[in-house]
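Thanks for coming. Please have a look at it first.

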Amino acid sequence: MPAVIRRISIAFVALVVAGCSAVAPELRPSGQPGSSGAVVPPTRPVATPVAPPDPSTVGWMAVPSVGDAFAGAKVGPIAVGPAGIVALGSDSTDTALIAWSSPNGVDWDRHWLPPTTFGGGIPSHLFASAATGYVAIGSDMAVDGTIVRVVWTSRDGIAWTEDPDPSGRIDGVVFAGVSGQAAILVLESRRNPGAVLQVSQDGSHWLAAAIPNDGEVAGIAADVDGFVAWGGIRTALADGTVANRTVVWHSSTGTTWQEMPIDERSVRDDISGWFAGGGQAFIAGSEGWRSIQRDGTTTPAAGVPDGMSVSSGPAGIVAYTLPDVDACPRAIMMIGGGWVPTRAASGASCVPGPGINPTRMVALADGWLVLGQADRPSQTFGWLLRSGSAPEMAVGQVSGDPATPPAAAIQAVDRVVFPRPQHCPAEPLDATAIARLSRADRVGCFGNRDLTFRAWVVDPGEGYGGTCRNRIPDWLQDCVLPVWLLRGTADNADPTGALHALRRPDATGDLSGVGRWVRLTGHFDDPAAATCTDAISSGFVEDSVPVASLVRACRTEFVVTSMTNAR
């Protein structure tokens, strides 16, 4: 494969990020046997307090180079690690994958990645720490286009390697993750046994961390000297009932956990967040915000004003809002249990014409990098929020690879050959027999040739609902309900399943009505499948499905070209 990776050396910035990852053998914590739910006496360790800066010295600095770096791109996760700030995304026109790197948030380099990186899609999560380097949750694909999450690692955020160890595979959905200086911690949702807490100290080997007393974890966060997790413990009582208790646990490494002796008022019902930075720690929940002391006692604190987002990091805890009604960004800092305004933004830091809504924010060692996506397409704004006197605008530059991706970085249209299975349905064809095949085997048996057969149009009944991903062409998407459900018998309750069928825009005949026999012609592997895309133009994305996966999924759809009523 031609080299399309450009390496640079950039300075170390910081080690605080949010992120995700994988699976492995269970590591049982020591000193936590039994299920009594007793609180372990030791108090939560606390790192040497670092006083947050004086809010009056914290101000905004506009970074126009951010708009140049991310123009016309889909921007995914961002992390700060040992090689600096790294963001991952793709070109919105050619779907070529991009890594952006910066030593300071002002100067940016662009790097085109090989098209197979992350399985061809934008990762759902990106983490970084001094010990692990950069860790991304990317993708791999089965022949039929099914997505499997895979861990990818990098020392610089530019050259990426897929973890070949199956223990690095994500079996469920990662819905929370944090980075610390020595480890990455993720919370993965599975059907069985439910949420799984996993930790890695190198980005490749993952351990399932056991929580004391079979606690069920609901959320995780970085603490001033490690990690915290919160959730509940269920205890069976003598009368046959079950008592539920909200709990917070602490760990310095992410492997061994202890229950924290926190004031009951702070965890009476639920916990919605934990914020630590600048030597302070706060818990948020149904009882509002409370400041947490080293011995577990808590005191009331001011809640976050409506409409503001919160971020915590080494420099402290801030709530911020980007231009929407006003033209200037605003921020307040948590100091001693109350919110204190930072220096007001003005001049170059303000945006002519408000309308910024989606945001990305990453904590640096001495402040924050804030990105905002305007309502206007392909327009990204950037600011630095930090202490000290600074100009209202940073003069930065975008360098590295050219803005147009090389041919070697552009993903090829997928034309994988679906293998023919050992057994295929015999003529005359039957809709139920086709439905019993896997999606890949349907294309393996029939390719793209026209199939004609008699079928019963099923009445799908009621109770269906949901939302669909944006996809082009939209008619070639089986979501919530297809256009038709087809069976070989007039039995809606047949447990063997029905064949999902879509309608080509140029289809002819008697195309309306359910509960009837029809004779139809259709095919798999429609030519339009080669054009399938996710229809996301630009801006911030949580992740993206690999283009090849969309194409393969479209190729396995059955599309009808003609249909007539039959007996």
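Which residue in β31 is the bridge partner of Trp 108? Keep that in mind for a moment; note also that this is a predicted model.

The partner is Val 398. Trp 108 and Val 398 are bridge partners, and strand β6, residues 108-112, pairs with β31 in the parallel sense over three bridges. This pair is part of an open sheet of six strands, in the order β31-β6-β5-β4-β3-β36, with mixed pairing. At the edges stand β31 (398-400) and β36 (539-540); each has a single partner strand, so one side of each is left without a neighbour in the sheet. As background, strands of a sheet pair through backbone hydrogen bonds, either parallel or antiparallel.

Now the chain as a whole. There are four helices and 37 strands. The chain has 567 residues, and 53% of them count as buried. Of the contacts with a separation of 6 or more, 64% are between residues 24 or more positions apart.

Next, two antiparallel examples. An open sheet of four strands runs in the order β16-β17-β18-β19, with antiparallel pairing. Its edges are β16 (216-223) and β19 (258-259), each with a single partner strand, so one side of each has no neighbour in the sheet. Within this sheet, ten bridges join β17 (residues 226-236) to β18 (residues 242-251), and Ile 233 stands opposite Arg 245 in β18. The other example is a hairpin formed by β24 and β25, with two residues between them. Five bridges join these antiparallel strands, and Ser 309 stands opposite Tyr 320 in β25.

On to a helix. Is α3, residues 439-446, largely enclosed or left open? Six of its eight residues are buried, so α3 is largely enclosed by the rest of the structure. The buried ones are Ala 440, Arg 442, Val 443, Gly 444, Cys 445 and Phe 446. Their cover includes α2 (431-435), β32 (451-457), β34 (499-509) and α4 (547-555). After the helix comes Gly 447, whose phi is positive, near 60°.

Phe 446 leads us to the largest nonpolar core, which has 26 residues. Phe 446 is among the residues with the most contacts inside this core, as are Trp 484 and Phe 558. Elements giving two or more residues to the core include α2, α3 and β32. Apart from this core lies another, of 25 residues, among them Val 75 and Trp 100. In soluble globular proteins, nonpolar side chains tend to be buried together.

Last, the disulfides. How many does a search of the whole structure find? The search finds three.

One is formed by Cys 424 and Cys 445, with their sulfur atoms 2.1 Å apart. It links the loop between β31 and α2 to helix α3, 21 residues apart. Cys 424 is partly exposed at 24% relative accessibility, whereas Cys 445 is buried at 8%.

Another joins Cys 532 to Cys 554. Cys 532 lies in the loop between β35 and β36 and Cys 554 in helix α4, so the pair ties together parts that are 22 residues apart in sequence. The relative accessible area of Cys 532 is 2%, and that of Cys 554 is 0%.

The remaining one joins Cys 328 to Cys 350, and this link is right-handed, with 100° about the S-S bond. The link of Cys 424 and Cys 445 is left-handed, with -90°.

That is my last slide.

How values were computed
Residues numbered from 1 in each chain as written. Predicted model: local features only at pLDDT ≥ 70, side-chain atom pairs only at ≥ 80, totals over all residues. Heavy atoms only, no water. Pairing = 2+ DSSP bridges. Buried < 20%, exposed > 50% of the residue type's maximum accessible area, 1.4 Å probe, protein only. Contact = heavy atoms within 4.5 Å. Core = buried A, V, L, I, M, F, W, Y, C linked by side-chain atoms within 4.5 Å. Disulfide = S-S within 2.5 Å.
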